[in-house]
Amino acid sequence: MFALVDCNNFYVSCERAFQGKLRSVPVVVLSNNDGCIISRSQEAKALGIRMGEPYFKVKPLLEQHGVRVFSSNYALYGDMSRRVMYYLSSVVPDIELYSIDEAFLDLRGMERYCGNLVDYAANIKQEVYRRTHIPTCIGIGPTKTLAKLANRITKKNPELGAFFASIPQKNASGPWSRLPWKMCGALGSSMLLKCTRPASRPRPRWPGAPSRGCVST
Ligand SMILES: [Mg+2]
């Protein structure tokens with residue numbers, strides 16, 4: 001089993017970690033030389049501010065809604081990333097750093113020591129927040145691809161805490177049904193199909209699934 005831990009709105013969360021008064025107001029972080037938006041709080045997203053939007057273009061909107069704007073501070077983000085990753089590396093035997101704010105945790109064989117892995121992951125999430133004030137989403141799956149998908153589901157359903165993704169079924173209900181399947185393309189649709197489709201089953205027909213070029217397994 002693998003878990004993908006992903007820090008939410010990472011650069012904004014780093015700024016908020018040291019300024020409690022920012023927690024309930026819209027916040028954005030700008031790229032080098034204040035060129036464009038590279039991180040947004042949930043409140044800023046709700047205002048319709050998009051990722052990568054040029055700062056000069058949205059400046060009037062930001063001012064109108066009192067959005068707090070920060071130039072990027074990569075020394076701070078690197079330091080906060082190290083704090084999060086250092087803690088994560090202390091709770092599992094192996095981790096793979098995936099980006100500045102994401103890591104795969106290797107949970108293989110951990111049930112014997114930690115019990116239910118979803119509960120264990122929910123505890124990790126709480127502890128990361130307690131130590132660093134960085135909110136995270138955690139998805140668990142039998143492969144890294146499914147852990148990534150599970151992570152996407154927890155992002156859309158924060159009440160889940162952590163989520164375990166088993167093999168998705170055609171016409172699945174619950175969180176699976178709300179998954180934007182175009183995301184599968186970003187992961188590599190052939191890779192996903194390889195994970196999810198036994199050779200003897202008919203080709204899956206979920207919306208957006210490629211009609212040809214499926215991997216036979
Ligand atoms: Mg992230």
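## Sheet, helix packing and strand pairing in a predicted model

Strands E3, E2 and E4 form an open sheet of three strands in the order E3-E2-E4, with mixed pairing. Strand E3 (37-40) and strand E4 (68-71) are at the edges, each with a single partner strand, so one side of each has no neighbour in the sheet. From one strand to the next the twist averages 25°. Helices (H or I, at least four residues) and strands (E, at least two) are DSSP runs numbered from the N terminus, and two strands pair if DSSP finds at least two bridges between them.

This is a predicted model, in which local features need pLDDT of at least 70 and side-chain atom pairs count only at pLDDT 80 or more, while totals for chains, interfaces and linings use all residues. Residues are numbered from 1 along each chain as its sequence is written.

| Strand pair | Sense | Bridges |
|---|---|---|
| E2 (residues 27-30) and E3 | antiparallel | three bridges |
| E1 (residues 2-7) and E6 | antiparallel | five bridges |
| E5 (residues 95-99) and E6 | antiparallel | four bridges |

Val 29 stands opposite Ser 39 in E3. H1 packs on the sheet, touching E2, E3 and E4, and its direction makes about 115° with that of E2.

Helix H1 (residues 10-17) also packs against helix H4 (residues 74-91), at an angle of about 90° and with the axes 10 Å apart. H1 is therefore roughly perpendicular to H4, a term for angles of 65 to 115 degrees. Axes are lines fitted to C-alpha atoms, for helices over the stretch in contact, and angles run from 0 to 180 degrees between N-to-C directions. On the H1 side, Phe 10, Tyr 11, Cys 14 and Ala 17 meet Leu 76, Tyr 77 and Met 80 of H4; residues are in contact if their C-beta atoms, placed from the backbone, lie within 7 Å. The residues of this contact comprise seven nonpolar, no polar and no charged.

Strand E6 (residues 102-106) has four of its five residues buried, meaning that 20 or more other C-beta atoms lie within 10 Å of a residue's own. In E6, Leu 105 is the bridge partner of Ala 3, and Glu 102 that of Ser 99. E5 and E6 form a hairpin with two residues between them.

Helix H3 (residues 55-64) is hardly covered, with one buried residue among its 10. Gly 66, which follows H3, has a positive phi near 65°. Of the 217 residues of the chain, 30% count as buried.

Methods:
A residue is buried if 20 or more other C-beta atoms lie within 10 Å of its own, exposed if 12 or fewer, and partly exposed in between; C-beta atoms are placed from the backbone. Angles under 35 degrees count as roughly parallel, over 145 as roughly antiparallel, 65 to 115 as roughly perpendicular and the rest as oblique. Two residues are in contact if their C-beta atoms, placed from the backbone, lie within 7 Å. Ala, Val, Leu, Ile, Met, Phe, Trp, Tyr, Cys and Pro count as nonpolar, Asp, Glu, Lys and Arg as charged, and the others, Gly among them, as polar.
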